Amino acid sequence: MVREKSLWQIQTERNPQHSDWYIQRFKTMQEAGQDIYGEARLIDAMVSRNAKILDAGSGPGRLGTYLQRAGHQVTGVDIDPKLIAEATRVCPEATWITSDLTDLLQALNVPEDAELGESGFDAIVCAGNVMTFLAESTRLPVLENFRAVLKADGRAVVGFGGGRGYDFEQFFADVSAAGLQIEQTFSTWDLRPFATDSNFLVAVLTR
């Protein structure tokens, strides 16, 4: 069975320069003095030193690099080989893997239907609207994978904007179907309260 392509794959096939643009985008923002690490600071505050952290949909390593250099063990996974190559160049001390998040268990050498348990991740960060770039049919399997690789007391933090084809209520339903629970919800990465009219969601999920 042919897997449905993600929106990111469709975009990069239409425009082969899209990944290069995306890499340069954050360099330009940083050079302009903009804060590009807010999501990483939140994750850093949630875990102890030397935590195992999965950067799911890592892109060019923006957040994973910050977290690795803050004293954590980071594994970044992204479907785009150009972005992984950039992350590896910038932060070779972290682990970077080219893989679809639907194949996360295979990418991490976890047997199918297994769970990592206490060898799993203390935290997962899934930022940058990654969930909205997934093919619709893969959203639930990706959330199930997040549950499988989390420690029993681990937390996954997922952030994405509204109006991108993934309704927040549907996301909440998928979270429940994946065997995860919603611990907290916010409307920004600096922890403003989430409301019914919020146009952005940051959800802290647990097993």
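Student: Which helix gives the largest share of the lining of the largest cavity?

Tutor: H4 does, with 3 residues. One caution before we go on. This is a predicted model, where local features need pLDDT of at least 70, side-chain atom pairs count only at pLDDT 80 or more, and totals for chains, interfaces and linings use all residues. Residues are numbered from 1 along each chain as its sequence is written, and side-chain values use heavy atoms, with hydrogens and water left out.

Student: What is a cavity, and what is a pocket?

Tutor: Both are found on a 1 Å grid over the protein atoms alone. A cavity is a set of points where a 1.4 Å probe fits but cannot get out. A pocket is an open set with protein on both sides within 12 Å along at least five of seven lines. Lining residues have an atom within 4 Å of a point. For volume, grid points are joined across faces, edges and corners, and the space filled by probe spheres set on the points is counted.

Student: How many cavities of 30 Å³ or more does the search find?

Tutor: The whole structure holds 1. The largest cavity has about 340 Å³ of space. It is lined by 26 residues, and Gly57, Ser58, Gly59, Asp78 and Val130 are the closest to its centre.

Student: Which elements supply at least two residues each to that lining?

Tutor: They are H2, S1, H4, strand S4 (121-126) and helix H7 (130-133). Such labels come from DSSP runs, numbered from the N terminus: helices are H or I with at least four residues, strands are E with at least two.

Student: How do the lining residues divide by class?

Tutor: The classes come first. Ala, Val, Leu, Ile, Met, Phe, Trp, Tyr, Cys and Pro count as nonpolar; Asp, Glu, Lys and Arg as charged; the others, Gly among them, as polar. The lining of the largest cavity has 15 nonpolar, 7 polar and 4 charged residues.

Student: Is Ser58 buried or exposed?

Tutor: Buried means under 20% relative accessible area, exposed over 50%, and partly exposed in between, with a 1.4 Å probe and protein chains only. Ser58 has 6% relative accessibility, so it counts as buried. Ser58 sits in the loop between strand S1 (52-56) and H4.

Student: What is Ser58 in contact with?

Tutor: Contact means heavy atoms within 4.5 Å. Leaving aside neighbours within four places in sequence, Ser58 meets Gly76, Val77, Asp78, Ile84 and Trp96.

Student: What does Leu63 touch?

Tutor: Leu63 is in helix H4. Leu63 counts as buried because its relative accessibility is 4%. Not counting residues up to four places away in sequence, Leu63 touches Ile36, Tyr37, Glu39, Ala40, Asp55, Val125 and Ala127.

Student: Now the pockets. What volume does the largest pocket have?

Tutor: Its volume is about 460 Å³. The largest pocket has 22 lining residues, with Arg25, Phe26, Glu39, Arg62 and Gly128 nearest its centre. Helix H1 (7-14), helix H2 (18-31) and helix H3 (38-46) each give two or more residues to this lining. H2 gives the most, with 6 residues. By class, the lining of the largest pocket has 10 nonpolar, 7 polar and 5 charged residues.

Student: Which residues lie nearest the centre of the second largest pocket?

Tutor: Lys27, Gln30, Pro60, Arg62 and Val90 do, among 13 lining residues. The second largest pocket holds about 210 Å³ of space. H2 gives the most to this lining too, with 4 residues.

Student: At what angle do H2 and H5 pack?

Tutor: Axes are lines fitted to C-alpha atoms, for helices over the stretch in contact, and angles run from 0 to 180 degrees between N-to-C directions. H2 and H5 pack at about 40°, with axes 9 Å apart. Ser19, Asp20, Tyr22, Ile23 and Lys27 of H2 meet Lys82, Leu83, Glu86 and Arg89 of H5. That contact has 3 nonpolar, 1 polar and 5 charged residues.

Student: How many aromatic pairs does the structure hold?

Tutor: Rings of Phe, Tyr and Trp (its six-membered ring) pair if their centres lie within 6.5 Å; planes under 30 degrees apart count as stacked, over 60 as edge-to-face and the rest as tilted. The structure holds 12 such pairs. One of them is Phe160 with Phe171, edge-to-face, at 5.2 Å centre to centre and 75° between the planes.
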